[in-house]
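Student: I would like to learn how to read a structure feature by feature, with the rule behind each term made plain. Could we go through it together?

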Amino acid sequence: MRSCGMASLKRLEELVFDNTYARLPGAFYARVEPTPLPNPHLVSFNPDAAALIDLDPDEATRPEFAGVFGGNLLIPGSEPVAMIYSGHQFGLFAGRLGDGRALLLGEIRNARGDKWDLHLKGAGQTPFSRDGDGRAVLRSTIREYLCGEAMHGLGIPTTRALCVVAGDEAVLRERPEPGAMLLRMAPTHVRFGSFQTFFSWRQPDQVQRLADYVIEQHYPHLERTTDAYARLFQEVALRTARLIARWQAVGWAHGVMNSDNMSIVGLTLDYGPYGFLDAYDPYFICNHSDHHGRYAFRNQPDIGYFNLRCLGQALSSLVTPEQEQEVLAAYETECAQQYLDLMRAKLGLREAKPDDATLAEDLLSLMAASRADYTIFFRALGGFASGPEARNHALRDCFLDRDGFDRWAARYKDRLRAEGSGDAERKERMHRVNPKYVLRNYLAQAAIEKAHRKDYTEIDRLRQLLAHPFDEQPEMESYAAPPPDWAKTISVSCSS
């Protein structure tokens, strides 16, 4: 029985659908029913995501819950569709793609007026499956489930996930693996590639129809404004710039930044072969399938620019070449400025000085040469002692070139003194932006291996830990340790 304080929470069948995307013409999607998982059971449930759609968390205990999100039952009001999109994959236009293993079940409108897509990944074959089986594996669903929460905890815009459901079905990837489904949530799943489809088909009327839909649903302040489409393009570009700057500052690599994996509202979308940096390496490639390093960590801002060029081309019937160039220039400026601002915060600097970029770049060069751990070092830097005689031995020992660090530390001390920085107050500020805990691949792998033995406790432990990545959590101290040697053997690819 629900208490009076929980009266606004809803059962599954009481959720309020507002399926705006399904009201678009049929050219934008295919209507498809999910293919059920046999004998579905709940692997993990995220009460924080449930709160976004006013769902009573007690619903996860109902026997029907796993059936609904294992594709066996439909919530009243849902209208499953596979969304169509295209995209540039590894730099080449791949033609029509679309949801090959996922379905937009419908859109929930919560009591605050926010709208959330319910997107079921692993729901079976669709007309866009391209000879694939349309399934997801337990491994990939756990990785996406956890990383969405990790990114949210870090304050980075992202999709979230309500739950993971597994079933008695083996799915063949590099080897047979347990099949599973993930219920992903986002305000929208429209992508850059959604526009590319209709541009490639020479259907400017459909490009405009989709642009009007996106403005109405997600940028309503642009309705009936002059140059609404150019302003839409600019807002998408600026959101993308801020997003990628945050990836760079936290040390996270997407791994497959195809244009069909870029959100029209600036969210981190599609968690496949991602990776947080362990040892700092600007050339870090987290995707085993990325043989030429196109999506290496350092390249992400440039790939964001490339993808925005693809979007600009798709919008060329609505945006002039001059407007496109202005937007692309604004992206570059915003991404660089946002990244510098974030790095200043990571260094504990309150004021902007002309040499700040050089100070940050020189530190990163030292870290790269010594393969210093990115997360651990920046967290420890909060304890930097700025006194004239302080040697900061623990930090110094992170570097092979200790004299090089000493020279950098002397410049850093001067910089801190120039703005009257106090060590205690600065440490507190730095600990609010430099996380102690991130979802390293070995932590996700440990949870996956336990899950393969039907022990799901580690998934929930990590979800709760990563919801508060900046907090000291003494009982979880081991989760902030450097990765063990066996972590070097972990390989993630597009099937991840």
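Student: How many bridges join strand 6 to strand 7, and do they run parallel or antiparallel?

Tutor: Helices (H or I, at least four residues) and strands (E, at least two) are DSSP runs, numbered from the N terminus, and two strands pair if DSSP finds at least two bridges between them. Here strand 6 (residues 102-109) and strand 7 run antiparallel and are joined by seven bridges, with Gly-106 having Leu-118 of strand 7 as its bridge partner. The two strands form a hairpin with five residues between them, and Gly-113 in that turn has a positive phi of about 90°. On strand 7 there is also an antiparallel pairing with strand 10 (residues 176-186), through five bridges, where His-119 has Arg-184 as its bridge partner. This is a predicted model, in which local features need pLDDT of at least 70 and side-chain atom pairs count only at pLDDT 80 or more, while totals for chains, interfaces and linings use all residues. Residues are numbered from 1 along each chain as its sequence is written, and side-chain values use heavy atoms, with hydrogens and water left out.

Student: Which way do the side chains of strand 7 point, and are they buried or exposed?

Tutor: In a regular strand the side chains alternate between the two faces of the sheet. Buried means under 20% relative accessible area, exposed over 50%, and partly exposed in between (1.4 Å probe, protein chains only). From strand 7, Lys-115, Asp-117, His-119 and Lys-121 point one way and Trp-116, Leu-118 and Leu-120 the other, and all are buried. Because seven of the seven residues of strand 7 (residues 115-121) are buried, the strand is largely enclosed by the rest of the structure.

Student: How many disulfides does the rule give, and why does Cys-163 not form a bond?

Tutor: A disulfide is a covalent bond between the sulfur atoms of two cysteines, and the rule asks for a pair of cysteine sulfur atoms within 2.5 Å. The count comes to zero disulfides. The sulfur of Cys-163 is too far for a bond because the closest cysteine sulfur, in Cys-147, is 18 Å away, and Cys-163 is buried at a relative accessible area of 1%. For Cys-310 the closest cysteine sulfur is in Cys-335, 16 Å away and likewise too far for a bond; Cys-310 counts as buried at 5% relative accessibility.

Student: How many salt bridges are there by the rule, and what does the one between Glu-477 and Lys-436 tie together?

Tutor: A salt bridge is a side-chain nitrogen of Lys or Arg within 4 Å of a carboxyl oxygen of Asp or Glu, and the count comes to 46 salt bridges. The side chains of Glu-477 and Lys-436 meet in one of them (2.8 Å, N to O). Glu-477 lies in the segment after helix 15 (457-466) and Lys-436 in the loop between helix 13 and helix 14 (441-452), so the pair ties together parts that are 41 residues apart in sequence. Glu-477 is partly exposed, with a relative accessible area of 40%, whereas Lys-436 is buried at 14%.

Student: Where do Arg-426 and Asp-423 lie?

Tutor: Both lie in helix 13 (residues 423-431), three residues apart, which is about one turn of the helix. Arg-426 and Asp-423 form a salt bridge whose closest N and O atoms are 3.0 Å apart; Arg-426 counts as buried at 0% relative accessibility, while Asp-423 is partly exposed at 29%.
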